[in-house]
Amino acid sequence: MSIAIVYMAKEFNWNHITQGFVLSSFYIGYLTTQVLAGVLADTFGGRRVLGIGAATWTLFTLLTPFSARVNIYCLILCRICLGIGEGVTFPCIVSLIIKWFPPKERSRATSSIVVSIFIGMAIALPISNMLGSSQFGWESIFWVFAIVGFIWSIIWHFYGKSDPRDYSGISKEELDWILESKSSINSKDNLERYQSGSIEYVRKIPWKLIFSRREVWAILLGEFFNSWGFFILLNWLPIFYYEYFHVDINLFGYYTASSYFSYIIMGFVSGYICDYAIHQLKIHVLTATYLAKTSLQGLLIITIGFALYSFQISSTNVSPMDIAPKYAGLIAGLTYTCATVPAFFGVALTGWILEITGNDWSVIWTMCSLSYIFAVLFFGCFAGGEIIID
């Protein structure tokens, strides 16, 4: 959508405020399924929950061009429904990592998965730009990726497994290594209870204990402020290149994708580093509008920022597994719920600020920089790496 909306805004004559509402409406739906998905994934397994979510977001990706042709309200409703489906993703991933990886490998597993998302984005952005500029128009962006989502859903249905013991392709040595882990969540008894899907598990969630620990709040607040800047970049960076630096409409997707490549490379490295020590480095994008005078200079500064930003993968994303492995999916759901609130307001607010300030992007990047500083302070001061909820 961050690529398609440039073409859509030209065709439908949308101002920045309207673009902000379209971009942010996704997060209304995304917000609703975070905690629920974490609980369901912890209880019934991540395979089924993630499969249903994938089918949902695939359907509404396909329906996006049709809804946009009806009216703006129909498009916003479609985006909300798409967000409902996609909201299950990260809680399910955290729950699956707990099952499939020993504690010593969780940071690198998390970084590999998160970085893979950015690999997909780095590939999808220029493809979207190419499709949007082609004779098939911006509608083809959603058709192509709906087909991709459909194919993935079929593969996941047959090959995805919530528990490594249910996967026929795993070797005995690897399965023994996972099951013999000292982590309580990966012991045989707890795996049985974890898979049972009993309502008793849901009833016994220690809500009071969870919300009384500073380590949990470090994760929640750290991700809250971190996501403010991240989702603004995710949604508005292509528009920034197109409007601020006047990058050709056939190339702005390639510029955006280039910024993610440094994140991809450093993201894999940071996972191995953070298996031994926790690092929390944050991007400082403020200089993009003060120092950069050309599109290439802006690209260089933002690319360096993304490389540094990659070190956050092994902080708030991994922490739920460190402090509460049994309830990692639930805490991840709470975390991504906190992350979605600033995503909705920040993305929408960006459109409003740009409209009233006459496209003053320095205000936007100042706001993002401050949010990253707060994220560092909260997580750096209060985070922990030991199991506190068992």
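Predicted model: local features only at pLDDT ≥ 70, side-chain atom pairs only at ≥ 80, totals over all residues.
**Entry 1: terms and ground rules**

Residues are numbered from 1 along each chain as its sequence is written, and side-chain values use heavy atoms, with hydrogens and water left out.

**Entry 2: the whole chain**

I looked up the secondary structure and found 19 helices and zero strands in the protein; here helices (H or I, at least four residues) and strands (E, at least two) are DSSP runs, numbered from the N terminus. Of the 390 residues, 56% count as buried.

For contacts I used heavy atoms within 4.5 Å, and I read that, among contacts between residues at least 6 apart in sequence, 83% join residues at least 24 apart.

**Entry 3: helix 1 and two positive phi values**

In helix 1 (residues 4-12) I listed the buried residues as Ala4, Ile5, Val6, Tyr7, Met8 and Ala9. Just after helix 1 comes Asn13, with a positive phi of about 60°, and this residue lies in the loop between helix 1 and helix 2 (16-32).

I kept in mind that most residues other than glycine have a negative phi. A positive value also turned up at His246, where phi is near 55°, and His246 lies in the loop between helix 13 (214-244) and helix 14 (252-273). I checked its surface as well, and His246 counts as exposed because its relative accessible area is 65%.

Which residues does Ser24 contact, leaving aside its neighbours within four places in sequence? I found Phe344, Val347 and Ala348. Ser24 has its place in helix 2 and counts as buried because its relative accessibility is 0%. Ser24 and Ala348 are 324 residues apart in sequence, and their C-alpha atoms are 5.5 Å apart in space.

Leaving aside neighbours within four places in sequence, Leu50 is in contact with Trp57, Val88, Thr89, Cys92, Leu96, Trp152 and Trp156.

Met321 is in helix 17 (residues 319-323) and is buried, with a relative accessible area of 1%. Not counting residues up to four places away in sequence, I listed its contacts as Val94, Ile97, Ile98, Arg106, Thr110 and Ala328. I also recorded a C-alpha separation of 9.6 Å between Met321 and Glu386, which are 65 residues apart along the chain.

**Entry 4: cysteines**

I looked for disulfides, taken as pairs of cysteine sulfur atoms within 2.5 Å, and the structure holds zero of them. Cys92, a contact of Leu50, is buried with a relative accessible area of 0%, and Cys368 counts as buried at 0% relative accessibility.

**Entry 5: enclosed space**

A cavity is a set of points, on a 1 Å grid over the protein atoms alone, where a 1.4 Å probe fits but cannot get out, and its lining residues have an atom within 4 Å of a point. Grid points are joined across faces, edges and corners, and a volume is the space filled by probe spheres set on the points. How many cavities of 30 Å³ or more are there? I counted two by this rule, and about 50 Å³ of space lies in the largest cavity.

Ten residues line the largest cavity, and Phe90, Ile93, Thr110, Val114 and Tyr336 lie nearest its centre. Helix 6 (89-100) and helix 7 (106-132) are the elements that give two or more residues to this lining, and helix 6 gives the most, with four.

For classes I counted Ala, Val, Leu, Ile, Met, Phe, Trp, Tyr, Cys and Pro as nonpolar, Asp, Glu, Lys and Arg as charged, and the others, Gly among them, as polar. The lining of the largest cavity then has eight nonpolar, two polar and no charged residues. It draws at least three residues from each of domain 1 (1-166) and domain 2 (207-389), with bounds that come from an automatic or database domain assignment.

Terms used. 1 Å grid on protein atoms, 1.4 Å probe; cavity = no way out; pocket = protein on both sides within 12 Å on 5 of 7 lines; lining within 4 Å. Buried < 20%, exposed > 50% of the residue type's maximum accessible area, 1.4 Å probe, protein only.
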